Amino acid sequence: MNRIINVAVCAAMLLFSGVEASAQRGSSSRSSSSTTTTTRSSNSSSSTRGSSSTREHNVAPRNNSTTTKSSSQVVKQEPNPTMQSRGSVQTGTSNKKLKPEHVSPAENYKSLPKRGTKVTKYKATHGAHVVRYSGADYYFKKGVFYSYDHVHSHYVVTRPPLGVRVNVIPQSRIIYLNDVNYYYYYGVFYRKVFNEYEVVLPPVGAIVESIPDGYEQLTVNGNTYYIVDGVQYKAVVYHGEIWYEVIKIMD
């Protein structure tokens, strides 16, 4: 009887052991499957990030290209510097009407009166700014100076005396010479003093696109010179155009 009981117990133990082993294999299989799934998911996520990173990398150069193109367009739209060099002197202007001409030395000022021309009182004084200097009155209007000739009893277009100051001048040619800025308009050179423009001696070496009408023309050894307001100019070639260089102050 005891032998039968022992056999039954052994059989039961063997059966239990088989069931437990089977359960452990099933758990291990599920764990392995979960790990594999996780690994695949991780790889898929990594692949997705890699793909996204690649797309971003591809987009960036296009953006840079666009920026470069835009920058290039901006550079092209920027105006060229107005100052142009001729040796130690530079000249420029913001006034597009002031252009060198082959036609006549006074081409740019042909609408203005000649130096020394007699004018009416109305022409000289109406709307003019009156400047008193050294006991005399000067009438300044649109870049032109007028004065009263007491000897002949009439008003005349005149050159201003050195030191006269005015508040504003028409759009002028800016000349940079010997580290100094000069402002030139209608035969007169100015230096800016605070908020005013002071008439100064023409600097030798300065080049201008035009001089006032009423000049005297002089030819010496085949060279043509122009004299106006006691200043001698010489015709020179500047960027393929005829310009006029101050070469001597005669009085």
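Me: How many salt bridges does the structure hold?
Reply: In this model, which is predicted rather than determined by experiment, the structure holds six salt bridges.

Me: What is the N to O distance where Arg173 and Glu209 meet?
Reply: The side chains of Arg173 and Glu209 meet in a salt bridge at 2.5 Å, N to O. This pair links distant parts of the chain, since Arg173 sits in strand S9 (residues 173–177) while Glu209 lies in the loop between strand S13 (207–208) and strand S14 (216–220), 36 residues apart.

Me: And are those two buried or exposed?
Reply: Both Arg173 and Glu209 are buried.

Me: Which residues are linked with Arg165 in a network?
Reply: Arg165, Glu196 and Glu198 are linked in a network of salt bridges. Within it, the side chains of Arg165 and Glu196 meet at 3.7 Å, N to O, and the pair joins distant parts of the chain, with Arg165 in strand S8 (residues 165–166) and Glu196 in strand S12 (residues 196–200), 31 residues apart.

Me: Why does Arg165 count as partly exposed?
Reply: Arg165 counts as partly exposed because its relative accessibility is 33%, and that value falls between the cut-offs of 20% for buried and 50% for exposed. Glu196, at 28% relative accessibility, also counts as partly exposed.

Me: What does Asp137 pair with?
Reply: The side chain of Asp137 meets that of Arg132 in a salt bridge of 2.7 Å, N to O. Asp137 is partly exposed at 29% relative accessibility, whereas Arg132 is exposed, with a relative accessible area of 58%.

Me: Switching to the sheet, what's the order of its five strands?
Reply: The order is S3-S7-S6-S5-S4 in an open sheet with antiparallel pairing. Strand S3 (118–119) and strand S4 (129–133) are the edge strands, and each of them pairs on one side only.

Me: How many bridges join S4 to S5?
Reply: Five bridges join S4 to S5, which run antiparallel, and Val131 stands opposite Tyr138 in S5. These two strands form a hairpin with two residues between them, and Ser134 in the turn has a positive phi of about 55°.

Me: Then what about S5 and S6, how many bridges there?
Reply: Four bridges join strand S5 (residues 136–141) to strand S6 (residues 144–149), again running antiparallel. Tyr139 has Tyr146 in S6 as its bridge partner, and Lys141 stands opposite Val144 in S6. S5 and S6 form a hairpin with two residues between them, where Lys142 in the turn has a positive phi of about 55°.

Me: Last one, where does Gln232 lie?
Reply: Gln232 lies in strand S16 (residues 231–238) and is buried, with a relative accessible area of 7%. Beyond its neighbours up to four places away in sequence, Gln232 touches several residues, including Tyr225, Ile227, Val246 and Met250.

Definitions and conventions:
Residues are numbered from 1 along each chain as its sequence is written. This is a predicted model: local features need pLDDT of at least 70, side-chain atom pairs count only at pLDDT 80 or more; totals for chains, interfaces and linings use all residues. Side-chain values use heavy atoms; hydrogens and water are left out. Two strands pair if DSSP finds at least two bridges between them. Buried means under 20% relative accessible area, exposed over 50%, partly exposed in between (1.4 Å probe, protein chains only). Contact means heavy atoms within 4.5 Å. A salt bridge is a side-chain nitrogen of Lys or Arg within 4 Å of a carboxyl oxygen of Asp or Glu.
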